[in-house]
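Subject: Structure for you to look at

Hello,

Here is the structure I promised to pass on. Please open it first, then read my notes below.

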Amino acid sequence: MLSVAQAETIILNLVHPFDPIRDSEVLNLLDVVGRILAEPVTSELDFPHWDNSAMDGYAVRFEDVQFCSSEQPVTLEIVEEIPAGYQPQCQMQAGQAARILTGSVMPAGADTVVIQEETRREGKIVTILAAPQKLGAFVRRQGAFYQSGAPLLPAGLKLQAPEIAVLAAAQCAQVRVYRQPRVAILSTGDELVGIDQSLQPGQIVDSNQYALAALVAQTGAIPIRMGIVPDEPEALKQAMAKAIATADVVLSSGGVSVGDYDYVETLLENLGGEIHIRAIAVKPGKPLTVATFGNQESGVRSQESGARDGEVRGQGEPAMISAPNSRSKIYFGLPGNPVSALVTFWRFVQPALRKLSGLPQSDWGPTFLTAKSRAELRSDGKRESYLWGRLYLTNGQYEFVPASGGHSSGNLINLAGTNGLAVLPMGQTQIAAGETVQVMPVR
Ligand code: AMP
Ligand code: MG
């Protein structure tokens, strides 16, 4: 059986990141929150755009005031007032100063700002009571933060408020970002009913559909909920084919174990998929199945590409982009147990979606941190085990508290509140309370 690390490598190698041209769209700046930049951005502007004052005070010539002190003050004539947004008109001559406010443009001839607190003003005369520290004190030089033409933001950057502020300041009203991966979600099982259906004996609610849709959306992809399919090979085959044709990535849950009604693996082969992973030495999640579909060979017809390069889409309008024909599709057959489905998503699917989305390798995850376990952790040692619970940061140290109650993969209830998975490597059966453990944050 494959180790977790081997499976991770195989999965990441199957993912071909989005193409910066074909798999991108141009959107208005307000519509790109959480999206990933598809091309580097440069600006024609310098930042600051011009020399300006960092403080309220007086713009002076350093040579006029460099030797002054409270005992030997220097008086200068105020020839101009420079409020914000005003373009100075005067050239500072020897013995002259301009009143200047924070952010205002430095007047020609002046090279230094004396802060207000070190001056005394009477009408058109200002008395400088202390020499500035140096030539250029309290002046922000044009281009000190960024020089026109240099790289401003790199491709692959996730756009959040700080990056959007930078793009706005650079007057980038429209931005080319990667499209969001389309992820079809399919639940398999005769026992499953929808959230609003009455529950008969023997039935359970299809919670995976909701959990996976939430995880997909949180990863920045578009969940396409394809509902429940019974354990009937023909119906399941059709549903799987439709999901593969619709999306970049398919997540089905259930039907991948060795039970009598577990058809997913066989149907993946029937549909022309290439199976790369049939089982992983991980707990929970052992039956995770991974297949790819290159469109030419498979019996699956892909939707025509609706990609419209260069077009600007407004917020709320549906994405007109469907998975292009040429891309191969990845199918994850997740185990049906609700905990297994979540853990395998976090550990294997999420990094794959991040790679597909155009993020740089440093952002694919998962990350692990060292925490002290507040309780004993146990595993049978036969597989790499992931125990769910809560991470706390106490006095600068991470602590992990496993969820109380059973760590059965069927126990969905004690998963609520989980923000970390403690990892017990294969072969390790116990970590005593107070010892350190590697924890994978999941929020
Ligand atoms: P399976 O992998 O199909 O054998 O399913 C394993 C367990 O997970 C069974 O107890 C199923 O009832 C349960 N299960 C399967 N699919 C779902 C689902 N979509 N939502 C909640 N539980 C499920
Ligand atoms: Mg089943």
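Which of the 16 residues around ligand 1 come nearest? They are E191, D206, G255, G336 and N337. Keep in mind that this is a predicted model.

**Contacts with the ligand**

Start with E191. One of its polar side-chain atoms sits 2.5 Å from an oxygen atom of ligand 1. D206 also uses its side chain. There, an N or O atom is 2.7 Å from a nitrogen atom of the ligand. G255 uses its backbone instead: a backbone N or O atom lies 2.9 Å from an oxygen atom of ligand 1.

How much of ligand 1 does the protein bury? Taken alone, the ligand exposes 480 Å². The protein buries 78% of that.

**The shell around it**

By class, the shell has 10 polar residues, 4 nonpolar ones and 2 charged ones.

**Confidence**

The protein chain averages a pLDDT of 93. Of its residues, 93% score at least 70. Two stretches need care. Over residues 302-311, pLDDT stays under 50. The model has 31 contacts beyond four places in sequence for that stretch. Over residues 313-324, pLDDT also stays under 50. Here the model has 38 such contacts, again beyond four places in sequence. Where pLDDT is low, predicted coordinates should not be read in detail.

Best wishes

Key: Residues are numbered from 1 along each chain as its sequence is written. Chains are lettered from A and ligands numbered from 1 in the order in which they are written. This is a predicted model: local features need pLDDT of at least 70, side-chain atom pairs count only at pLDDT 80 or more; totals for chains, interfaces and linings use all residues. Side-chain values use heavy atoms; hydrogens and water are left out. A residue is near a molecule or strand if one of its heavy atoms lies within 4 Å of it. A polar contact is a pair of N or O atoms within 3.5 Å; within protein, one must be able to donate a hydrogen and the other to accept it, and residues adjacent in sequence count only if both atoms are side-chain atoms. Accessible areas come from the Shrake-Rupley method with a 1.4 Å probe; for residues, only the protein chains shown count as cover. Ala, Val, Leu, Ile, Met, Phe, Trp, Tyr, Cys and Pro count as nonpolar, Asp, Glu, Lys and Arg as charged, and the others, Gly among them, as polar. pLDDT is the predictor's confidence in each residue, from 0 to 100. Contact means heavy atoms within 4.5 Å.
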